[in-house]
Amino acid sequence: MRAVRWHGKKDVRVDNVPDPEIVNPRDAIIRVTSTAICGSDLHLYDGMIPSMQAGDILGHEFMGEVVALGKGVTNLRIGDRVVVPFTIACGQCFFCEKTLTSLCDNSNPADNQDIAEAMMGHSPSGLFGYSHMLGGYAGGQAELVRVPFADTGCFKVPAHLTDDQVLFLSDILPTGWMAAENAEIEKGDTVAVWGAGPVGQFAIRSAFLLGAERVIAIDHRPGRLALAAEAGAETIDFEDVDVMAALAETTGGNGPDRCIDAVGMEAHGLAIDNIQDRAKQAIGIGTDRPHVLRQAIVACRKGGTISMPGVYGGLLDNLPMGAFVNKGLTLKTGQTHVHRYMQPLLERIEAGDIKPDVIISHRLSLSEAPGAYDDFLNKQDEFTKVVMQP
Amino acid sequence: MSDIDGNLAPPGTRLAPRRNLKAGERGASVIAGTVLGALATQQKGPAGVLMGLLGSLLVARGITGVSPAKRLLGQRPDEAAVAKAAGWSSAALLSRAVTINAPRAEVFRRFRDFAAWPEWAVNVKSIDINDDGTLHFTTLDPSGAVEWDGEVTEEHGDTLLAIASVAGSAFPITARYEFRDAPAGRGTEIHGAVAYEPPGGSLVRYAAKLTQREPGIQLRRDLKRFKSLIETGEIAVNDPQGTDPKA
């Protein structure tokens, strides 16, 4: 089969590889009908995530048709049309029983858990196509993909909804939703969202659905800000406006009640702290650029909440912890517990509350993946979301 | 396994005392440092500075009786105690705990099923039961497959299982697994501890770690694999992953 593979920093190729096979009883093989490039794939593309190996198949936002099943899967049939969560979860461990599926104890193979434990103390769940620390699983930017614990993971979708409408249930729609949920929004709140990429877009829409009075989107891509404005957000272009001053003024001096960092470890922008972080990265003594997190802590109103769906990979420094403590802030974060949100969000899609396909800017074939990665990274204003058909 | 002196100090967690040098070692350190310092005065350039620095470190080591390097690399006191009790030249002692979301009776019964060990214990090829009731192990060590006999040395209900190689074995090893109810009905904790005589001493032990066939690494991974098997009915694997480049 053909698959999109990572060969190194900014080196992604479409290669022929052996077809996946059923290995464990609870496996399924999915023939992929739609697969997307996620913003977090760009962290891999940029070589920011440790423990990638040349030849790893990328992709963790995908859906398709069941073509083979292990003998332990009884709730699926060949031909079922399913969306697959990017987090792999067993369904039976302590964490899965609490629906904290991105923290599953069992889906990251024991050897790979060692890498995660060395870096983080404990291993989160395995993910599709997202480094060996997080499972070393082949991803879904391919014609076929093996889905472990398929009885827990594969989510059947009704025929009357198109791929474009349901594909993002695999990651970014629940991620945006959980970002808003983690922000602990109360009716009437003002929510600031840093990053108007796909996750930010869904966080903005979810924040309104969860009772936000105002949402302020912060980015520097006019196209993305326009998309945010379509959802009813007010916008700040950080190239033109002093973000901190604007946030303070527009909230009557209080600061936003809730702040969502939908940017993560690779913040853009010409700021002293960001330049310092880049310099540290360049000489190998730093990993992440938490410019947005620093800004959110200082901007947030006293007693507010910071929700952090953005991906961070390593060690952060110069965080304004004094501000964080003295302002009594709360920080909530985590990889998305996708399984928990699929059914309720499917109902939201069916009811027309959320229209996930609005963020799709490009529909390409799998063979166009290398160019698509490059464009998604370098032409962010034009490329909001790339969906590929294998 | 259990608390030592009321402190929470499972095997493998106790550190050597900070002041870890004996009187003889301290004296030798001071003398060596002084000699090195004296020689340093006869040297010119960076070599002299370096020798002087090393000499003063040795003197400081002798006077304080503290050697962080020895503390880091040498045997810990609990390892020394195990070696002494077992009559080994040295011991490596490792412990690991895991919580399994299943009742203790079931966890113990599945764990006690030696024939099923190869399913979850990566470096165990087979465990057969000899006519005299002892266990015949075929395991993988850094040199390849090895065979040895072991026996159950202690067993209490479904709370404790201890296994050891028989006396005179070429691979002296003991393992002890305690099964406890996790708090608030959260399943079963297995507290495993493995002690062995590293063939060739601690250097070979580090070499074994590189090949991943070291009992401490095995204990850690095997308990996870066992947990996965009990909780989910299978053990997560990530292959085939298509990592071999095909044209």
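Visitor: Why does A:E184 count as partly exposed?

Guide: A:E184 has a relative accessibility of 33%. Buried means under 20% relative accessible area, exposed means over 50%, and partly exposed lies in between (1.4 Å probe, protein chains only). A:E184 therefore counts as partly exposed at 33%. This is a predicted model, in which local features need pLDDT of at least 70 and side-chain atom pairs count only at pLDDT 80 or more, while totals for chains, interfaces and linings use all residues. Residues are numbered from 1 along each chain as its sequence is written, chains are lettered from A and ligands numbered from 1 in the order in which they are written, and side-chain values use heavy atoms, leaving out hydrogens and water.

Visitor: Where is A:E184 found, and what is its phi?

Guide: A:E184 is in the loop between α6 (172-182) and β9 (190-194) of chain A; helices (H or I, at least four residues) and strands (E, at least two) are DSSP runs, numbered from the N terminus. The phi of A:E184 is near 55°, a positive value in a residue other than glycine. A:N318, which is not a glycine, also has a positive phi, of about 55°, and lies in the loop between β13 (305-308) and α12 (321-326) of chain A. With a relative accessible area of 46%, A:N318 is partly exposed.

Visitor: Why does B:N20 count as buried, and which residues does B:N20 touch?

Guide: The relative accessibility of B:N20 is 14%, which is under the 20% limit, so B:N20 counts as buried. B:N20 lies in the segment before α1 (23-40) of chain B. Leaving aside residues up to four places away in sequence, B:N20 touches B:E25, B:G65, B:V66, B:S67, B:K70 and B:R71, where contact means heavy atoms within 4.5 Å. A polar atom of the B:N20 side chain is 2.9 Å from the backbone nitrogen of B:S67.

Visitor: What makes a set of residues a nonpolar core, and which residues touch the most other members of the largest one?

Guide: A nonpolar core is a set of buried Ala, Val, Leu, Ile, Met, Phe, Trp, Tyr and Cys residues joined through side-chain atoms within 4.5 Å. The largest has 95 residues, of which A:F168, A:L169, A:W194 and A:L247 touch the most other members. At least three of its residues come from each of domain 1 (2-171 + 336-388) and domain 2 (173-333) of chain A, with bounds from an automatic or database domain assignment. Another core, of 33 residues, lies apart from it and includes B:L161, B:I163, B:A175 and B:I235.

Visitor: How many residues of domain 1 of chain A are in contact with domain 2 of chain A?

Guide: Contacts link 31 residues of domain 1 of chain A with 24 residues of domain 2 of chain A. The C-alpha centres of these two domains are 25 Å apart. In chain B, the division is into domain 1 (23-72) and domain 2 (77-232), with C-alpha centres 43 Å apart.

Visitor: What confidence does the predictor give chain B and the complex?

Guide: The mean pLDDT of chain B is 87, and 92% of its residues score at least 70; pLDDT is the predictor's confidence in each residue, from 0 to 100. Within chain B, confidence is lowest in helix α7 (residues 201-210), at a mean of 70, and highest in helix α5 (residues 104-112), at 98. Over residues 242-247 of chain B, pLDDT stays under 50. For the complex, the predictor gives an ipTM of 0.92 and a pTM of 0.90.

Key. A polar contact is a pair of N or O atoms within 3.5 Å; within protein, one must be able to donate a hydrogen and the other to accept it, and residues adjacent in sequence count only if both atoms are side-chain atoms.
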